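The exercises below are meant to be worked with the sequence and the coordinates open side by side. Try each task before reading the solution that follows it.

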Amino acid sequence: MNYSADDHRYMQRALRLAAAATRRAAPNPGVGCVLVRDGAVIGEGATLQVGGDHAEIQAIKDCLARGLSPRGATAYVTLEPCSHHGRTPPCARRLIDEGVARVAAAMVDPYHEVAGRGLAMLRAAGVDSDAGLMEAEARQVHRGFLSRVERGRPWVTLKTAATLDGKTALLNGRSQWITGPEARRDVHRLRAEHCAVLTGSGTVLADDPQLTVREVPCERQPLRVVLDSALRTAPEQRIYQDGATLLATCDHPEARLRPYRAGADILTLPRQADGHADLPALLAALAQRGVNMLMVEAGAGLNGAMLRAGLVDEIVLYLAPSLAGDAARGLFAWPPLEDLADKQRLSIRDARMVGADLRLSLTPAPLSPR
């Protein structure tokens with residue numbers, strides 16, 4: 001399919017709408033839709049919260065509110081219109097009923113109840129429909145939803161901050177503050193983009209964090225997840241005080257778990273052969289709870305375990321222009337290497353200054369088996 005420059009321009013607009021709606025819409029994908037007729041945008045919309053309108057319906061309502069009709073328009077949609085009755089009626093049927101002439105989708109929806117059926121419904125009704133316009137960009141915008149549907153686990157962003165010599169805390173555990181206020185505000189923005197934030201017991205014990213979004217607007221606070229297989233943390237700590245936390249642990253008697261239940265839901269995980277909690281099982285359980293995007297804010301132990309298990313999709317590293325010395329704590333707990341060929345390779349996707357600090361966005365390469 002050959003797409004025009006205008007096709008790309010309107011889909012880019014739809015992708016911007018989708019990106020802004022992704023966090024709000026979860027666990028649904030945050031789709032964007034732009035209606036165009038005779039070279040002019042006549043309506044646009046993005047997916048609302050679960051149970052609310054999908055993007056196509058919002059775009060149609062926007063068009064009608066302008067006193068216009070969608071008849072004869074092209075709908076640019078970042079994901080194939082749905083074809084099934086869920087919490088809302090099928091969007092493909094509404095586009096047909098409104099007389100839309102063409103649908104250009106960025107990609108086919110892999111969800112098993114759609115998976116090409118929306119486009120087939122449109123074509124059967126005589127609507128010129130196709131998919132593939134800016135698909136790579138759409139997969140990036142919809143990466144959390146796609147990860148949950150296709151891999152059965154959330155998209156995982158590991159955030160960490162360090163000095164230029166790779167240290168995250170002093171030997172005594174003190175880590176506040178390595179980076180400046182602009183970087184810390186950027187972390188709150190990053191949290192707001194994710195459905196859940198995962199930390200480990202060591203971080204809770206050292207910092208007593210809240211892990212909430214406070215410095216930027218946020219429509220819905222992310223679920224906070226504490227991985228504490230040995231129940232080292234105390235029920236009195238701040239993260240358990242408002243009932244919006246999931247405590248992931250291993251098998252313990254109810255008497256030990258009961259003090260936590262007032263402030264947290266309990267998720268019991270199997271143990272791996274080394275005695276630690278099963279991390280893939282944790283991610284699968286979070287996916288079942290509708291978590292598309294998971295942010296990890298933890299110490300070297302959990303950071304290293306997640307990376308070694310191949311469960312990290314991207315790393316956001318804030319580097320402060322300072323040095324902490326050899327005795328300070330590092331970024332990732334990692335077994336000693338005998339050969340540099342065994343090192344973890346990373347690709348730099350983006351580098352920018354945030355205040356006085358350097359923010360790197362990195363993609364881990366798969367570890368090579370030895």
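## Exercise 1: Aromatic pairs

Y10 and Y76 are both buried, where buried means under 20% relative accessible area, exposed over 50% and partly exposed in between, computed with a 1.4 Å probe on protein chains only. The model is a predicted one, in which local features need pLDDT of at least 70 and side-chain atom pairs count only at pLDDT 80 or more, while totals for chains, interfaces and linings use all residues. Residues are numbered from 1 along each chain as its sequence is written, and side-chain values use heavy atoms, with hydrogens and water left out.

Task: find the aromatic pairs and classify the geometry of each.

Solution. Step one is the criterion: rings of Phe, Tyr and Trp (its six-membered ring) pair if their centres lie within 6.5 Å, and planes under 30 degrees apart count as stacked, over 60 as edge-to-face and the rest as tilted. By this criterion the structure holds 2 aromatic pairs. In step two, Y10 and Y76 give a tilted pair, with 5.4 Å centre to centre and 40° between the planes. This pair links distant parts of the chain, since Y10 belongs to helix α1 and Y76 to strand β3 (residues 74-77), 66 residues apart; helices (H or I, at least four residues) and strands (E, at least two) are DSSP runs numbered from the N terminus. In step three, Y240 and Y260 form an edge-to-face pair, at 5.6 Å centre to centre and 80° between the planes. Y240 lies in the loop between β9 (223-227) and β10 (245-249) and Y260 in the loop between α9 (254-257) and β11 (264-268), so this pair ties together parts that are 20 residues apart in sequence. Y240 and Y260 are both buried.

## Exercise 2: Charges over rings

Task: determine which ring lies under the charged end of R9, and which under that of R184.

Solution. A charge sits over a ring if NZ of Lys or CZ of Arg is within 6 Å of the ring centre and within 35 degrees of the ring normal. For R9 the ring is that of Y10, with the charged end 4.6 Å from its centre. For R184 the ring belongs to W177, and the corresponding distance is 4.5 Å.

## Exercise 3: Backbone exceptions

Task: locate the cis peptide bond and the positive phi values at D38 and M134.

Solution. Most residues other than glycine have a negative phi, and most peptide bonds are trans. The cis bond joins A26 and P27, with omega about 10°, and P27 is found in the loop between α1 (5-25) and β1 (32-37). D38, not a glycine, has a positive phi of about 55°; it is placed in the loop between β1 and β2 (40-46) and is exposed, with a relative accessible area of 75%. M134, also not a glycine, has a positive phi of about 60° and is found in the loop between β5 (128-131) and α5 (135-141), but M134 is buried, with a relative accessible area of 11%.

## Exercise 4: An annotated site

Solution. Contact means heavy atoms within 4.5 Å; not counting residues up to four places away in sequence, H54 touches N28, T47, C82, T88 and C91. C91, in helix α3 (residues 91-97), is buried, with a relative accessible area of 1%.
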